[in-house]
Amino acid sequence: MESIAMRLGIARESASRRISRLLKYRWNGRPIVTARRHREPGPGTWSNNVYTLAPETQLQFGNKERLSG
């Protein structure tokens with residue numbers, strides 16, 4: 001969450017609230033963002049979450065190249 005907050009220029013808490021709202025939001029009955037948690041080897045250790053934008057949103061995050069057209 002820290003990297004998302006830093007890239008958006010907002011506090012971690014604000015980024016967390018925004019991501020939570022996006023995870024709950026549905027477009028045509030389908031989520032536009034999903035989260036996947038990864039567990040690291042070892043007791044009770046979690047890695048970073050991976051957030052995925054649904055392809056039908058045609059949104060991109062973190063790509064330096066822009067779509068032309």
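Me: Which element of the protein has the highest mean pLDDT, and which the lowest?
Reply: The model is predicted, and the protein averages a pLDDT of 83, with 87% of the residues scoring at least 70. Among the elements, strand β4 (residues 50-53) has the lowest mean pLDDT, 88. The highest mean, 94, belongs to helix α2 (residues 12-24).

Me: How many salt bridges does a search of the whole structure find?
Reply: Side chains of opposite charge can pair when their charged atoms come close. Another is Glu56 with Arg30, at 3.5 Å from N to O. The search of the whole structure finds two.

Me: What is the separation in sequence of the parts tied together by Arg12 and Glu2?
Reply: Arg12 lies in helix α2 and Glu2 in helix α1 (residues 2-8), so the parts that the pair ties together are apart in sequence by 10 residues.

Me: Is Glu2 buried or exposed?
Reply: A residue counts as exposed when its relative accessible area is over 50%. For Glu2 the value is 53%.

Me: Where does Glu56 lie?
Reply: The side chain of Glu56 meets that of Arg30 in a salt bridge. Arg30 belongs to strand β2 (residues 30-31), and the pair ties together parts 26 residues apart in sequence. Glu56 is partly exposed, at 41% relative accessible area, and lies in the segment after β4.

Technical notes
Residues are numbered from 1 along each chain as its sequence is written. This is a predicted model: local features need pLDDT of at least 70, side-chain atom pairs count only at pLDDT 80 or more; totals for chains, interfaces and linings use all residues. Side-chain values use heavy atoms; hydrogens and water are left out. pLDDT is the predictor's confidence in each residue, from 0 to 100. Helices (H or I, at least four residues) and strands (E, at least two) are DSSP runs, numbered from the N terminus. A salt bridge is a side-chain nitrogen of Lys or Arg within 4 Å of a carboxyl oxygen of Asp or Glu. Buried means under 20% relative accessible area, exposed over 50%, partly exposed in between (1.4 Å probe, protein chains only).
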